[in-house]
Amino acid sequence: MDSIHILWADDEIDLLKPHVLFLEEKGYKVSTANSGNDALELLPKGNFDLIFLDENMPGLSGLETLSKIKNIFPDIPVVMVTKSEEESIMEDAIGAKIADYLIKPVNPKQLLLSIKKNLDHKRLISEKTNSAYQQDFRNISMQLGDNLDFNEWMDVHRKLVYWELELEKLRDNGMVEVLNMQKREANSQFCKFIEKNYLSWVNGTAKEIPVQSHTLFSKKIAPYLLEEGPIFLIVIDNLRYDQWKAIQPLINEYFKTDSEELFYSILPTATQYARNALFAGLMPSQIEKLYPKLWVNDDEEGGKNLHEEELLGEQLKRNGKNIKFSYTKVTNINAGKKLPDSVSNMMTNKLNVIVYNFVDMLSHARTEMDMIRELADEEPAYRSLTVSWFEHSPLFEAMKVIAEKKARVIITTDHGTVHVKEPSKIVGDRTVNSNLRYKQGKSLDYNKKDVFEIKNPADAFLPKNNVSTAYVFAKEDKYFVYPNNYAQFVNYYKNTFQHGGVSMEEILIPFAVLSAK
């Protein structure tokens with residue numbers, strides 16, 4: 001405490017002597033000044049932590065003194081003390097980046113609260129946050145011991161992401177490690193939950209079934225098509241729930257969040273399957289059967305997501321939605337730059353779909369480029385990179401234009417991604433797909449405890465390339481590695497972000513409805 005040095009500048013400082021003595025009794029060192037000029041003379045000599053500054057002083061006014069202080073010592077918090085409650089004075093002071101303001105006559109408790117808020121706030125917030133998480137840690141641990149339903153699992157994921165973002169602000173490595181341990185436990189239990197329930201969901205035999213990729217449009221998006229005005233559906237490929245929460249504050253400057261939910265991606269949690277299912281309103285094998293020309297299997301040549309617009313058109317027809325819609329896919333910076341200027345032309349459409357691929361490209365680039373790997377070596381850095389991209393992206397610029405035009409926006413994704421850490425050996429022939437989180441093929445050999453296996457693809461409405469095709473999905477933070485060149489591939493892919501398998505991060509994904517402010 002005795003290291004905290006306060007400068008108090010007031011032309012009536014003698015009358016404030018009792019307050020100065022009170023602060024000194026609390027262990028603070030207080031230096032006083034009778035004018036703005038005296039304060040500026042003392043500043044270079046005192047190594048001050050906080051300044052109380054009277055707004056109404058003769059000679060150099062409080063606001064003028066404040067301006068000079070900020071030019072020389074911009075990081076010292078300044079608390080403005082004023083007799084006036086005039087709005088213009090407050091606006092000027094706040095615009096000059098004061099840390100706080102007090103209205104005279106001040107009392108000792110106000111002074112103490114302001115000091116603690118500005119100098120002890122990090123410690124107080126840290127203690128409060130740690131204490132709150134410790135309490136919730138026990139609650140979440142008890143939850144994980146219960147037989148949770150799909151809604152309760154969404155609640156667990158929300159809580160864990162909330163604490164991940166809160167503890168990240170504190171940079172408390174000890175508490176972060178406790179949280180990571182709880183996340184690993186939760187993912188282990190979640191994988192068992194998916195193994196137990198997934199097939200009954202997709203086959204419609206469960207009593208309660210969550211919204212999944214293939215039912216998202218009909219259950220959650222189609223009702224908004226009955227509203228007046230255009231709807232913008234923005235699908236940010238590979239956007240995890242924590243990444244959504246990280247960019248949401250930027251979006252909140254222009255939109256209010258009317259509703260925010262999670263839904264369940266289908267398996268594999270990969271673009272070819274989950275996003276085609278979203279736009280078609282069908283499971284993959286149903287797409288293959290009804291629209292064979294619009295589906296490309298893993299082992300076939302050609303792009304796997306080239307027909308989303310046609311699939312969406314067919315879904316709208318099947319649901320009796322005879323509406324005008326547009327479909328825009330952004331996969332490179334040149335296409336992105338055109339997006340903000342295109343919004344005005346989209347306003348005549350009932351539905352405007354924008355698929356933005358940056359986050360997916362970021363996860364792949366992070367695997368393949370050493371520089372990106374260094375920039376985003378852990379989940380907080382990965383989120384930070386996502387926020388930096390979004391803040392300066394053409395997508396955000398386009399959303400600002402949409403906000404100006406007062407149109408409704410829905411933001412969602414096709415699947416998430418998981419930070420992989422544990423290799424799992426698998427053996428298969430040359431026809432096996434290359435994804436690190438799911439494999440499909442014949443004669444696969446793998447460690448059964450590491451995977452969720454579907455031996456008959458038809459059970460999960462998945463395409464079957466031959467009679468003996470099976471699918472396996474890596475669980476938790478596992479990733480598949482072939483025995484050949486094992487050590488090389490283990491090191492190359494460890495700590496990268498992958499998708500296709502079973503984890504909360506890949507399966508439990510955001511759906512948010514926004515309206516312009």
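Student: How many bridges join strand β1 to β3, and in which sense do the two run?
Tutor: β1 (residues 5-9) and β3 are joined by 4 bridges and run parallel. Two strands pair if DSSP finds at least two bridges between them, so with 4 bridges β1 and β3 count as paired. L7 stands opposite I51 in β3. Strands here are DSSP runs of E with at least two residues, and helices are runs of H or I with at least four, numbered from the N terminus. This is a predicted model, in which local features need pLDDT of at least 70 and side-chain atom pairs count only at pLDDT 80 or more, while totals for chains, interfaces and linings use all residues. Residues are numbered from 1 along each chain as its sequence is written, and side-chain values use heavy atoms, without hydrogens and water.

Student: What makes β2 and β5 the edges of their sheet?
Tutor: The open sheet has 5 strands in the order β2-β1-β3-β4-β5, with parallel pairing. β2 (29-33) and β5 (100-103) each have a single partner strand, so one side of each has no neighbour in the sheet. Neighbouring strands are turned by 20° against each other on average, direction ignored.

Student: Which bridges hold β4 in place between its neighbours in that order?
Tutor: β3 is joined to β4 (residues 78-82) by 4 bridges, in parallel, and L53 stands opposite M80. β4 and β5 also pair in the parallel sense over 4 bridges, where the bridge partner of M80 is Y101.

Student: What makes β3, helix α3 and β4 a right-handed unit?
Tutor: The β-α-β unit of β3, α3 (residues 62-72) and β4 is right-handed. The term means that, with the strands pointing away from the viewer, the path from the first strand over the helix to the second runs clockwise.

Student: Why is α7 called roughly perpendicular to α17?
Tutor: Helix α7 (residues 150-170) and helix α17 (residues 379-391) pack at about 95°, with axes 11 Å apart. Angles of 65 to 115 degrees count as roughly perpendicular, under 35 as roughly parallel, over 145 as roughly antiparallel and the rest as oblique, so α7 is roughly perpendicular to α17. Axes are lines fitted to C-alpha atoms, for helices over the stretch in contact, and angles run from 0 to 180 degrees between N-to-C directions.

Student: Which residues make that contact, and how do they divide by class?
Tutor: E164, L165 and E168 of α7 meet E379, P380 and R383 of α17. The contact has 2 nonpolar, no polar and 4 charged residues. Nonpolar covers Ala, Val, Leu, Ile, Met, Phe, Trp, Tyr, Cys and Pro; charged covers Asp, Glu, Lys and Arg; the others, Gly among them, are polar.

Notes:
Contact = heavy atoms within 4.5 Å.
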